[in-house]
Amino acid sequence: MSKIGDKYKSLNKKKKTFIKIGIVLTVILILLATAFLCITNYIKKNFNYNYNEIVSEPEQLGFEEVKSDNVVNIALFGVDTRAKNTFKGRSDSIIILSVNTTDKKVRLISVLRDSLVPIEKNGKNTFNKINSAYATGGPELAIKTLNTIFDLDISEYATVNFSGMVEIIDAVGGIEIEVTSKEVSMINGMVTTYYTDFGLQGEPPKLSSAGKQLLNGVQAISYSRIRYVPNAEGTNNDYGRTDRQRYVLEQIFNKATQMGLSQYIDLIKLLSPYCETSLSYSEILNLAVEVLLSSPTFEESRVPLIEYKMPSPNAGVGSIVYYDLNFAAKLIHNFIYKDIKPEDYIAANGIEQNDWYRLGFVAPSINIEEEITQSTESADIEVVK
């Protein structure tokens, strides 16, 4: 056979091989798609799912476009209600859950509920505590407020109520926590109150000693609500409270990452009645497969850090936490998108001092790229009690 004939025979053989590979890959993709569809249909049929579809237009949620295709930001709200399946009221717990699908990092950023912020509704700004946004306009206004003041792109949320967190923690088998002697008495008092409020029978599960131990749902939730004594790291007040909340959430995630896919699906099925979310079935499953089942690493922070908290003015809305929202937004962006922890950014660059420091309580122009120049002359800003 000629060289041309040999070459043609070789090319024809390669072509057939590529066709076979293409067929195999196509079959695999079809099988994977079918499996994914079956799992999604199973979830739809078997889950008591509190799905709440919110507006999809970014501008209605306070942003223009997604900041990064590799980062998914979700708002987590905790409402302090004693009624099961109720998701209304002030959001006493506010956490920005940021998931990086590339490096498999999960970042938890808690926002102090008493943060004084501008809340925009019906074209008008009012100053109030950030936890009032959820009570006033539900998850949509709460998300819009977070996006506006911190220049984020949150479009999804999940809300859990007080009793729901108890069920969630029990479902993962409890969580290990280092408890101080001062925290023990606080936990025991709140455990007793919980049993009374919900009319539970039996002896309340009080702690007998300090130290690292496995807490059940009632004990762990009581721990996360402590405000008046320092935690194991010495942090007190609402700062210590948000530290505890993030730690509890991180431990729940850690337990979930140790589960197989079938266990994870069973967990979602058990817990879905206690949560309300805008995430679809496929989005929940995608996050589970891409991140939670891929051994993610967790990092956490809070807003504000004590280092840049400012003296609180009299805003007429009770006790507040006051800080430069633009500087906080810059820290959040560096943490989420550049993997720079807020403490490290402050150590390298210091704390910015702008008009918030010079003028005190003013109506800020929320733009992390520009200096705040707006003063008390703004006519469309009012403080609400």
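In this predicted model, E352 is partly exposed, with a relative accessible area of 28%. Its salt-bridge partner is K330, and the closest N and O atoms of the two are 2.7 Å apart. Because K330 belongs to helix α9 whereas E352 sits in the loop between α10 and α11 (355–359), the pair ties together parts that are 22 residues apart in sequence. K330 likewise counts as partly exposed, at 21% relative accessibility.

K330 also takes part in the packing of two helices. Helix α9 (residues 325–338) and helix α10 (residues 342–349) pack at an angle of about 115°, their axes lying 9 Å apart, and the crossing of α9 and α10 is right-handed. On the α9 side, the contact is made by F327, K330, L331, N334 and F335, while α10 contributes P342, Y345 and I346. Six of the residues in this contact are nonpolar, one is polar and one is charged.

The salt bridges in the model come to 16. One of them joins K144 to E120, with the closest N and O atoms 2.3 Å apart. Since K144 lies in helix α2 (residues 132–150) and E120 in strand β4 (residues 116–121), this pair ties together parts 24 residues apart in sequence. E120 is partly exposed, with a relative accessible area of 22%.

A further salt bridge brings together the side chains of K212 and E176 (4.0 Å, N to O). This pair links distant parts of the chain, with K212 in strand β8 (residues 211–215) and E176 in strand β7 (residues 175–179), 36 residues apart. K212 is exposed, at a relative accessible area of 57%, whereas E176 counts as partly exposed at 43%. Finally, D92, R113, R227 and D238 are linked in a network of salt bridges.

Technical notes:
Residues are numbered from 1 along each chain as its sequence is written. This is a predicted model: local features need pLDDT of at least 70, side-chain atom pairs count only at pLDDT 80 or more; totals for chains, interfaces and linings use all residues. Side-chain values use heavy atoms; hydrogens and water are left out. Axes are lines fitted to C-alpha atoms, for helices over the stretch in contact, and angles run from 0 to 180 degrees between N-to-C directions. Helices (H or I, at least four residues) and strands (E, at least two) are DSSP runs, numbered from the N terminus. A crossing is left-handed if the near helix is turned anticlockwise from the far one by less than a right angle, and right-handed if clockwise. Contact means heavy atoms within 4.5 Å. Ala, Val, Leu, Ile, Met, Phe, Trp, Tyr, Cys and Pro count as nonpolar, Asp, Glu, Lys and Arg as charged, and the others, Gly among them, as polar. Buried means under 20% relative accessible area, exposed over 50%, partly exposed in between (1.4 Å probe, protein chains only).
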